[in-house]
Amino acid sequence: MSTARNNAGTSFKYHSIPKRIDAAIVHIPLDRLEKLYPDIQRFAAMAVVFSFHPKSPLTPRVLLIKRNGNEGSWGNTWEPGGGTPDEEDPTILHSAARESMEETQIWPLRFASNAFTCSFYHRDRKTGNQVLMRPLGFIAIDHEVTRDNGETIKNEKTMAQRIWSSGIQQPLGQSSVKISDEHLDHCWFTEDEVRSAAPYEQDTPQGPFAMLTAKRDMVLLAFQLFSQSQGHSLPPSIDIAR
């Protein structure tokens with residue numbers, strides 16, 4: 001077991017630290033996924049979407065959305081689109097795509113074969129019980145965005161219009177995605193900005209840009225995998241049909 005400490009000294013317990021995996025290994029029915037990780041009590045799917053700001057077209061930015069602090073765990077923290085698998089989802093990759101669509105109106109048409117996962121201990125907000133969680137993250141390499149008028153745009157390269165202002169510690173710029181009621185805002189962050197995110201502390205008011213440690217570390221790994229694919233032929237990928 002690995003233990004990381006946040007800036008306030010509160011322990012965060014990893015069961016396994018973030019690592020790269022082959023998405024094809026977990027592109028299996030959910031009941032088989034449970035057998036693949038028999039010690040896991042709760043799974044989560046994560047869809048990571050990158051884009052570029054028109055004024056900095058060489059700097060990738062990741063889409064993060066801010067959780068509503070009134071319900072659920074990790075209130076007022078930032079995260080990629082994602083959530084808990086439904087029984088109707090064929091695989092956890094479909095879970096990631098469905099959650100992305102529900103939360104941001106972005107449907108990942110293809111996920112990169114380079115995926116990532118970790119596991120960590122989490123105290124359930126409702127029961128108070130400690131559970132072992134395993135989020136699995138997938139990088140969208142093709143996507144469709146549905147606008148308010150119903151128009152669908154494929155592979156828009158400069159969606160990252162709403163970006164972080166370090167001066168006033170909040171997002172600035174026009175909205176580029178439509179978020180669900182489960183979230184309060186969205187923003188496109190650079191790798192350095194994600195690295196600077198304050199670690200989440202349970203039962204403590206969060207600052208303007210805080211992330212759960214595991215999600216921050218997974219997103220940083222996603223940046224590495226995304227950067228490795230730039231300028232090279234794309235590795236094998238997995239299509240996700242609506």
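**View 1. The lining of the largest pocket has ten nonpolar, ten polar and twelve charged residues in this predicted model.** Here Ala, Val, Leu, Ile, Met, Phe, Trp, Tyr, Cys and Pro count as nonpolar, Asp, Glu, Lys and Arg as charged, and the others, Gly among them, as polar. The model is predicted, so that local features need pLDDT of at least 70 and side-chain atom pairs count only at pLDDT 80 or more, whereas totals for chains, interfaces and linings use all residues. Residues are numbered from 1 along each chain as its sequence is written, and side-chain values use heavy atoms, with hydrogens and water left out. Of the 32 lining residues, Arg-67, Ser-73, Trp-74, Gly-83 and Thr-84 lie nearest the centre of the pocket. A pocket is an open set of points on a 1 Å grid over the protein atoms alone, with protein on both sides within 12 Å along at least five of seven lines, and lining residues have an atom within 4 Å of a point.

**View 2. Arg-98 forms a salt bridge with Asp-89 and another with Asp-86.** A salt bridge is a side-chain nitrogen of Lys or Arg within 4 Å of a carboxyl oxygen of Asp or Glu. The closest N and O atoms are 2.9 Å apart for Asp-89, and the N to O distance is 3.5 Å for Asp-86. Asp-86, Asp-89, Arg-98, Glu-99 and Glu-102 are linked in a network of such bridges.

**View 3. Arg-147 and Glu-156 meet through their side chains in a salt bridge.** The N to O distance in this pair is 2.3 Å, and the count for the model comes to twelve salt bridges.

Methods: On a 1 Å grid over the protein atoms alone, a cavity is a set of points where a 1.4 Å probe fits but cannot get out, and a pocket is an open set with protein on both sides within 12 Å along at least five of seven lines; lining residues have an atom within 4 Å of a point.
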